[in-house]
Amino acid sequence: MEHFINNQRHTPDSGQYIEVINPCTAEVVGTCARGNTADVHAALTSAGAAFQTWKKQPAAHRVKLQHEAARLMRLYSYEIADMLARELGRPLAGCIHEISRSADLLDFYAEEALRMKGEIPLHNLEGEKALVVRQPIGVVVAITPFNYPITLLCMKIGAALPMGCTVVAKPSEDTPLSTLRLAEIFKEAGYPEGVFNVITGYGHEIGNALVEHPITSKIAFTGGTNTGKRIGALAAAHNKRVTLELGGQSPVIVCEEADLSVACPAIVKHAFANSGQFCYRVNRVYVHQNVYEAFVEKITALANRLKVGDPFSNSDMGPMVNRKIYQNSEVQVADALQKGGTVKTGGSRLTGEDYDKGWFFPPTIIADTNHSMKIMTEETFGPVIGVMKFSTNEEAVALGNDSEYGLAAYVFSGQLGTGLRMAEELEAGSVWVNNIHRSYQDVPFGGVKQSGIGREKGRYGLEAYTELKTIYLNY
């Protein structure tokens with residue numbers, strides 16, 4: 001597929017295309033354009049021209065179009081999900097859920113956009129007023145990873161578009177097809193030319209051009225911490241706004257009095273969803289020494305029930321998206337074993353007729369871990385978790401905070417006061433107590449420390465695409 005610029009397919013300047021591979025079968029499921037700086041300029045020029053008229057459209061009109069886009073996403077949900085399952089390898093049911101949830105997010109953002117307000121401070125000065133207004137920030141570059149390509153893009157465009165910004169999206173070269181289809185759906189919904197554009201290609205070839213281009217006003221990025229730092233540094237050199245949702249190494253604390261019948265299923269479900277390929281998944285688990293053995297036994301039994309296989313065969317987990325992502329899990333398991341860890345289940349690549357062509361790694365639980373191991377200190381982005389004992393709650397919190405990351409954390413405790421105290425002390429942008437579920441649409445999501453800058457979702461996400469202007473009025 002070509003780029004999508006100015007509401008039409010745009011042949012790449014290079015004339016080159018990238019093969020999109022099904023990670024389950026190693027088959028080519030499509031192609032995407034290999035963009036270069038000329039393509040970047042074309043996309044941003046289109047978005048810049050469209051911004052001049054889009055920002056002047058009534059908010060109600062922009063909101064109406066977004067609701068229509070959400071409706072069409074639901075109408076075409078199976079088609080998009082089928083495409084996503086083939087390029088990502090996630091089970092089809094999970095892909096359908098992603099499309100549905102993304103449409104819900106667009107609807108939420110649309111409604112919240114109608115409630116955005118400026119203010120008039122009550123200075124009570126005769127003949128003088130100060131008006132504080134919000135204006136769209138401009139042209140937004142939205143760079144998204146492979147793992148939840150539609151949801152993570154909708155977190156950005158769902159806030160940017162109703163506030164009057166225009167967008168150039170750059171999806172991962174692993175999963176570009178679903179994003180390109182989404183752009184066509186937005187066109188069908190009635191969006192004008194140049195409001196929502198998609199350019200594809202390799203980040204190392206076009207990333208700098210997208211950030212540095214004079215038309216770009218803001219970069220919204222979800223992805224790895226190192227890449228995010230490079231984008232942040234480049235944006236800072238040009239004084240451009242950023243929202244960066246970066247890596248995570250999320251801890252779980254299971255207290256002595258925790259209900260294991262609740263904690264264990266929640267942890268297993270969250271740790272191995274999407275084959276562990278998301279940033280705020282459970283990565284490391286700290287369990288009170290008095291319930292440690294019972295906990296390990298329970299989560300091992302639950303993990304062993306998960307079915308790994310083809311995304312169209314009612315499996316719980318599919319393959320890793322590519323060789324690089326797969327190898328990280330393999331490296332971390334080997335490192336843990338060398339340093340005294342014990343593999344309770346999983347630990348090596350699945351083999352056999354059903355698995356030989358794909359990057360299948362089973363649910364893996366490593367016990368007897370410590371902080372000398374990569375599994376407890378580095379982001380995994382795979383279906384591997386480490387489990388470690390603790391003796392006091394203070395020790396558990398200290399271990400949880402012993403990380404450069406701070407995206408998410410989880411606490412299970414039978415004492416609400418203990419859970420709340422730990423939640424306040426844990427250094428993370430979001431903390432779940434006594435359950436793990438999806439983040440809500442109306443509350444902020446983002447990280448602290450090396451896990452990012454800024455917030456998405458809720459009114460906070462909308463505000464991130466506006467600039468405040470003060471108008472001093474005398475009359």
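Q: Contact means heavy atoms within 4.5 Å. Going by that, what covers the buried residues of H7?
A: The cover includes helix H1 (37-54), strands E6 (139-143), E7 (166-170) and E9 (216-222), and helix H8 (225-237). Helices (H or I, at least four residues) and strands (E, at least two) are DSSP runs, numbered from the N terminus.

Q: And which residues of H7 are buried?
A: In H7 (residues 203-212), they are Ile-206, Gly-207, Ala-209, Leu-210 and Val-211. Buried is under 20% relative accessible area, exposed is over 50% and partly exposed is in between, with a 1.4 Å probe and protein chains only. Bear in mind that this is a predicted model, where local features need pLDDT of at least 70 and side-chain atom pairs pLDDT 80 or more, while totals for chains, interfaces and linings use all residues. Residues are numbered from 1 along each chain as its sequence is written, and side-chain values use heavy atoms, leaving out hydrogens and water.

Q: Switching to H10, which residues are buried there?
A: Tyr-292, Phe-295, Val-296, Ile-299, Thr-300 and Ala-303 are. They lie on the same side of H10, because their arc around the axis (from directions to the C-beta atoms) is only 125°.

Q: What is exposed on the other side of H10?
A: Glu-293 and Glu-297 are exposed over there.

Q: Nice. What covers the buried side of H10?
A: Helix H9 (260-272) is part of the cover of those buried residues, along with strands including E11 (250-254), E12 (282-288) and E15 (384-390).

Q: In what order do the strands of the open sheet run?
A: Seven strands line up as E13-E14-E15-E12-E11-E16-E17, with mixed pairing; two strands pair if DSSP finds at least two bridges between them. E13 and E17 (430-433) are at the edges with a single partner strand each, so one side of each has no neighbour in the sheet.

Q: How do E14 and E15 pair?
A: They are parallel, over three bridges. Ile-365 sits opposite Ile-385 of E15.

Q: Last one: what does Thr-418 touch?
A: Leaving aside residues up to four places away in sequence, Thr-418 touches Cys-255, Glu-257, Asn-393 and Ser-413. Thr-418 is in helix H13 (residues 416-425) and counts as buried at 7% relative accessibility.
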